[in-house]
Amino acid sequence: MFLINCPYCGERDQSEFSAGGEAHIVRPKQPTELSDDQWAEFLFMRKNIKGIQLERWNHAHGCRKWFNMVRDTSNDKIHAVYKMGEKPPIK
Amino acid sequence: MNKNLRTTNSNFIDQTSRISFKFDGKTLYGFKGDTLASALLANDIHLVGRSFKYHRPRGIMTCGSEEPNAIVQLGNDLSMTEPNTRATEIELYEGLEATSQNCWPSVNFDIGAINNFLSPFLPAAFYYKTFMWPASFWKKYEYFIRKSAGLGKSPTKPDKDIYDHRYLHCDVLIVGGGISGIIAAKIAAQNNLNTVLLDDKNNLGGTTIFQDNECFKINNSYSNEWLKKEIESLNSFKNLTIKKRTTLAAYHSYNYLLARENLTDHLSLDEKKNKIRQRLWKIRAKKVIIASGAMERPLIFNNNDRPGIILSTSIKKYIDYYGVKCGQKISLFTNNDTAYETAISLNKSGVSVNSVIDIRDKSNSAIVKEAEKLGIKIYWKHTVVNTSGYKRINSIELMKLSDDGTAVVENKTKEECDCLGISGGWTPRVHLFTQSGGKLKFIDKDNIFLPDKSVSEQISIGSCNGDFELDDVIKNSIKSIKNFLNINSSDYENLKINCSKETDKKNIWLLPSNKPLGKTKPFLDFQNDSTAKDVKLALREGFKSIEHVKRYTTTGMGTDQGKLSNMHALGIIAETAEVKMSELGTTTFRPPYTPLTFGAIVGRNVGEFFDITRRTPIHEWHVEQKAEFENVGQWKRAWYYPKSKETMYEAVQRESKAARDSAGILDASTLGKIDIQGSDASEFLNRVYTNAWSKLEIGKCRYGLMLNEDGMVYDDGVTTRLGENHYIMTTTTGGAANVLSKLEDYLQTEWPELDVYLTSVTDNYATVSICGPNSKKILSKVIPDLDLSDKEFPHMSFKNALINNIKCRVMRISFTGEHSYEINIQSNYGKSLWEKCIEAGNEFNITPYGTEAMHLLRAEKGFIIAGQDTDGTMTPVDLQMDWIISKKKYDFIGKRSLYRSDTIREDRKQLVGLLTDDPKEVLEEGAQIVAEAKKKPVEMLGHVTSSYFSPNLNKSIALAVVVNGKKLKGQKMFVPMENKTINVTITDTVFLDKENKRLNA
Amino acid sequence: MLNYNSPINDTKKYPEIEISEVEPIIKLNLRGKNRDFITKVGKVLSIIPPTDPNTSSGNDNLSILWLGPDEWMVYANDKNALNDRGILEDKLFNEISKVKLGSVTNVTDHLVMINIRGNKVFELLSTGCPFNFNDFMNSKGATTQTLLNHVDIIIHNKNVNDLNLFVRRSFSNHLWSWINDSASRL
C-alpha cells in the first residue's frame, strides 16, 4: 500500500487514489488525419516497463486532481510526483 | 500421572489461581499464565496430534509461533470453533476446550497411522504420481483424497465474534519486545518520537526475561533482572504505546503494516462476551525497527519427530518461565552452546540431565565450563542415530562422528530418557524484512540468511540481524538505533556486559546414521511429513528451483509455513546439488506471518455493513409501501411495489399498464447529475457527446450519447441548458461517478484551455418522474401557476418553478415514450413532493412503478439501457443510432474510432428487436440466437439483451444483438433452450407508438 | 406546504463522544482558477478563500474550506443563516458564474453535515479512516477530504475535539449507522 504525495494535498494513503495508466500519451489534435495504424498506436499501445515508469494518478477521494508519477515498477519506489503539463523531473 | 512436574520458582505463573480446561474430553488443570502447551506438559501430556501424511504421533516441540506439531481444534461450537491453533500460543482460560486434529478415532489410536507403515510406498509427490491415470477416475480419487486431507474442521455457522479494524500512524514502530526491542522503544520514546512497540506474547522481554544465569550480567545484575527494570521504566512514557498479544502479520511497501491484536482470546468464556475479539491494526510508520528475534533450529536425524523431542530453549522456557518440567530424565543434543544454558537451568530445578550430546569436537566457553562444573556429562563429537518410543520418546542411541562428520564410527551407546532437547543453532526471523521487499545475504560462518538491502525506512536489530551474543545484541542494537533515528547519545552509553561467548561452531544439515538414508526417517517438515529423503528424491527427479522442490515435496507448506526447518531443506538441497546457499536463495516469505482469522480480515464489514448502501430521499416512502428493492451499484432502488399476494410478474404488469393507461410515478433520484458552468461549456459538450450542442437554446433539453475513445457507447442521458454558460447533465445511475471522473480527466489533461467547471449534484436533488396521458393534469394540480401548454412547455424543454415557495426545475422529457415530466427539487423536500404528487394523482389512479416496470416501458419503445443492451463493444452505429452522430463536428471523444476498419465492418453485432412466434413465450435474457437449429457445432449469432411480456401490446418483446442484424429484419431465427427451441423473428427495435404520438398525448 | 425531511435528524451520545446531524445548513461549492475569482469571493463574503492546502478560513457566519487548488466549499456556521440562503447563492452566482469567473453550485442538500465532538473523536475516525490525524487534530481549522469506511467525506476541524463531517446525502444513513456502531464499541 503506497503512501502517495499528492502534489496538491500532501502525503495520503493509496486508497484515496486511482491509477490511470501510462503518462504523456497526448490525444492527437487532428484525429481525422491519422491512419488506422496511427490512431491504434494512440488508442491501444502502452508500455509495460520493469523499472522507471511514468504514470498518471488521480487523487479521486481527495482533491480530484490528476497528476503524474515517476515510479520504479521493480520495487514500487516513487521517485517523484509532478503536476499535469509539467515535464518529468527524471529522464 | 501423579508425577509432580511443577516447580515453585516461576515468577510468571500465578499458582494461586487454578484454571480448569478440557483436552480431548478430559478435564485437566493449569494455572493463570500458562499456555495450553505448558499446562499439557505439566499434566505429562506430550502427544497432542498426528502428522498430516503418515499420522505419526506428534508432541509439543516449541514454545511459540513456529510450532509445527501441537496444533489443535479450539472450542466445539459450530460457529466459533477454530482449527489449527497453536497450543504453544493459546493462553489458558477457564472453560477452554481443545481437541487433537488429524486423527480418528482418537489421538492415541489413529487408524490413519497405517500410512506410517505404508510410507515406503508413499514417496514425495505420491498423489501427483498415482492419481494421474486414468484421467476419468479423478472424480473418484478426489472424493477419498478430500476426505482424508486437510487439518482440522472449519466452523459451519456464522462467526458470532466481533472484530474490529483501526488505523494507526506513528514515527517509529518496533516489532518485538525482546531485549533489543525494549532498548529501541526506550531510546525512541526518550527522544519524543511517537512510538509503538508490538509483541505477540502477553509479557515483554523475549528470551532474556528468563535468562537467569550468572554467566550473563548487565551492570552487575543478572540480565533478566536488568531487563525487568528497563521494562518497568517504559511505563513513564506517554508517547509510547505498547501492544502485547499483537502479532505483526504483514509488512507492505511504504511501511504499511498489518498487526493482529488478540483482545479476548485469553479471557474466560464469560469475560469474552460482547467484547471485540481481535483487532486488525493498519499501521503506517515513518520508521520501522524489526526486533523479531531468532528461532531455534532442530537437528535432522533419524526419528527426530517423536513426542518428547523438544527444542532445547523451549525446555528452558517451560522450566524457567512456566515452572514446568518437560521430563524427569532429559537428554540434550546440540551443535552449539544454547543447550548448556538449558542443562544448567534443569539442573538448578532438580531435573536430572542425562547428558549433553554435542556434535562439536570441543568448546571452551564459560557456559560449557559452568555445565562441566555442575558435573553434567558431555559426549563431544557424538550424534544421535536413532530414537525409540512410539507415543513418547523412551531412549536414544548415540554414536561417535567421523572426523569429516559424514559418517558414524565405533559402538552405539543407548541412553534412556523421557525427553530430548535439541538445538541446531538459530535462524533469524527475516520474514518481515523480506515481505517489505528487502533482499537477503547468506553468512557462511553462521549458516544464516541476514537482511541485506532494504527498500523501506527500516532496520533490523538483535538476533534477527544475526547478533546472538548478549553483548553484541545490546551494543550493536544501540549503535544501529542511534544511527537510524539520528540520535547522538542514549542512556545506554556505558553498560557493563558480561556474557559467555561461543568459541566453536559446527553445522551438519543432515546428521549421519548407522543405517542408509533409505531406511531412516529424518524429518524436515514435521507438519507435512517430508523427510530429507523426499528432498533428495525431488533433486534426483530433476527439480532444481527451491520453489519447485517446496511444492513437489510440500516442505514448508503447512500452517506453520515451515518456519522451523526450511533452512535444513535448503542446506540439504545445496549440499546435494553442490550449489552455494547464497545462490540457491530461499522460498518467498509471504504474509501473513502466522495465520489470520477471516474475522480479523473482514472486521466490522459484515451484516448491515457488508457493503455500502445508498438511499434516495424518497426511500422511506418505498419502505412504507413495502416495495421490493433492487441493488443498482450501491443504490437501493424500488424494484416493484407488490400489492397483497401479487407476484413480481403481476406487479410489474400492473405498474406498466397503469403508466400508459393513466399515470405512473417513478423515483429517478439515482440518476447522476453534473452541474456544468463556464464560458466553454457548450464547446465542452460538443467534444464529449456525439451530437452537436452549440445551438441548443436556453431552456431546452437534449439527449446525448457518450463514447469511449474506442468508439464504444459508454453512457447516455439528457442534458439541459439552464443558462448561457450553465448546463445540467444527467448520467445513468451506475455510470455517474465514472462519467464525472472521465470528464474531469479530459478537462485537466487534454483540454486545460477550456473554461469549464464540473460539480456533482446527484444527491442535491430528488427527481420525481410522472408519466402517462394524465401526467399533465396531475402536474397542473401540483404547480398550478405553470403554463403546461405544448407551445409554452414543449417536449424536451425545461422550466424553473416554485412549489410552495421551494425552487424546483421541471423538465418535460420521457424515458417511457409517454407524455411525462421530471421534477427536480432539493432532496430534503423530495419525499414531501412525492407524496404531494401521489395525492394529486389519486383521482387518476397514479401508480408508483419501480425499476423493472421502467425497463419494460422503455423496451416497448426500443430505448437502450447503457450497460444492459450495450456491453462496451457496441458503437452507436451498431445500436442503429446513426442519427445521433454529428457529421459536421470535426472531433468528439471516440469519433475517429467510428471509421476504423473494425468498426465499419458490416458483420458486427447490431441491436435488433425480436418477436417470438408464440406471443406468450418470453425469452430469457442472455439466451443465444442461432440461424440453424440443428447444425453442429452451432454458430452463435448473438444474444438476447432485454426481454419482457408487454402488457400494453399483449405480447412478448425482446431486444437482442445479432451479427449483421440490421439487414436481417423479417428473418426467422432460433433461440435454443435446454428443453426446447424457440422460434423468433427479427424486427425493428421500436414496438410501440413508432410515430411518437404519445409524447404529446 | 412541503415538509422538510433531513435524512438523519438525530443526536446520539456515547461515553466521551456525541454525534448529531446539524441541519439545515447552507452549503455552496465554489470553483475558480484566477486571482479575480479569489478577490471577488472575498468581496462578496468578506472572507478570503484559503489558498493553503487542507486549511479553512471563516468569520462568525461562514466557513470556507479548501477542497482543491480550484475548489472550495462555503457553509453557514449555524441554522439561522438559512433565511438568506437564496440571496447569498444568487449574489455569488451573478458575480462569479455569470461573469465567467468560475462556478457557484448549491450543494446544501447534496451533503449532510454531522457534528462529532468529545475526547474520542479521533479514536472514532481511526476505526475507518486511513488519514493521518496526528498533526490535524492539533490544528484548528484544518480540513481534509478522505475516506471513512470507503465513503468519501470532508472533515473540518472546528475546534479541539469538535469537528464537522460532510457526507453525500445518499450515503449518510449508512455512514451514520456505521459511525454509531463504531462509537458504541470504542
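This is a predicted model: local features need pLDDT of at least 70, side-chain atom pairs count only at pLDDT 80 or more; totals for chains, interfaces and linings use all residues.

Q: What makes up the elements of chain A?
A: Helices (H or I, at least four residues) and strands (E, at least two) are DSSP runs, numbered from the N terminus. By this reading chain A has one helix and six strands, in the order β-β-β-α-β-β-β from the N terminus on. Its C-alpha atoms fill a box of roughly 45 × 30 × 20 Å along the principal axes.

Q: Why is chain C called as compact as a globular protein of its length?
A: Chain C has four helices and 11 strands. Its radius of gyration is 16 Å, close to the 16 Å that the globule rule gives for 186 residues, so chain C is as compact as a globular protein of that length. The radius is taken over C-alpha atoms, and the rule is 2.2 Å times the number of residues to the power 0.38.

Q: What share of the residues of chain C counts as buried?
A: A residue is buried if 20 or more other C-beta atoms lie within 10 Å of its own, exposed if 12 or fewer, and partly exposed in between, with C-beta atoms placed from the backbone. On that count, 47% of the 186 residues of chain C are buried; for the 91 residues of chain A the figure is 27%.

Q: How do you know that chain C touches chain B, and which element of chain C gives the most to that side?
A: Two residues are in contact if their C-beta atoms, placed from the backbone, lie within 7 Å. By that test 36 residues of chain C are in contact with 40 residues of chain B. Helix H4(C) gives the most to this side of chain C, with eight residues. By class, the side has nine nonpolar, 20 polar and seven charged residues. Here Ala, Val, Leu, Ile, Met, Phe, Trp, Tyr, Cys and Pro count as nonpolar, Asp, Glu, Lys and Arg as charged, and the others, Gly among them, as polar.

Q: What makes a group of residues the largest nonpolar core?
A: A nonpolar core is a set of buried Ala, Val, Leu, Ile, Met, Phe, Trp, Tyr and Cys residues joined through C-beta atoms within 7 Å. The largest such set has 314 residues, and those with the most contacts inside it include Leu173(B) and Val167(C). Helix H5 (residues 179-190) of chain B gives the most to this core, with eight residues. Beyond its neighbours within four places in sequence, Leu173(B) is in contact with residues including Val196(B) and Ile283(B).

Q: Why are the buried residues of helix H6 (residues 223-233) of chain B said to lie on the same side?
A: The buried residues are Ser223(B), Asn224(B), Trp226(B), Leu227(B) and Glu230(B). They cover an arc of only 155 degrees around the axis, which puts them on the same side of H6(B); the arc is that of the directions from the helix axis to the C-beta atoms. On the other side of H6(B), Lys229(B) and Glu232(B) are exposed. Among what covers the buried residues of H6(B) are H5 and helix H12 (470-484) of chain B.

Note on methods: Residues are numbered from 1 along each chain as its sequence is written. Chains are lettered from A and ligands numbered from 1 in the order in which they are written.
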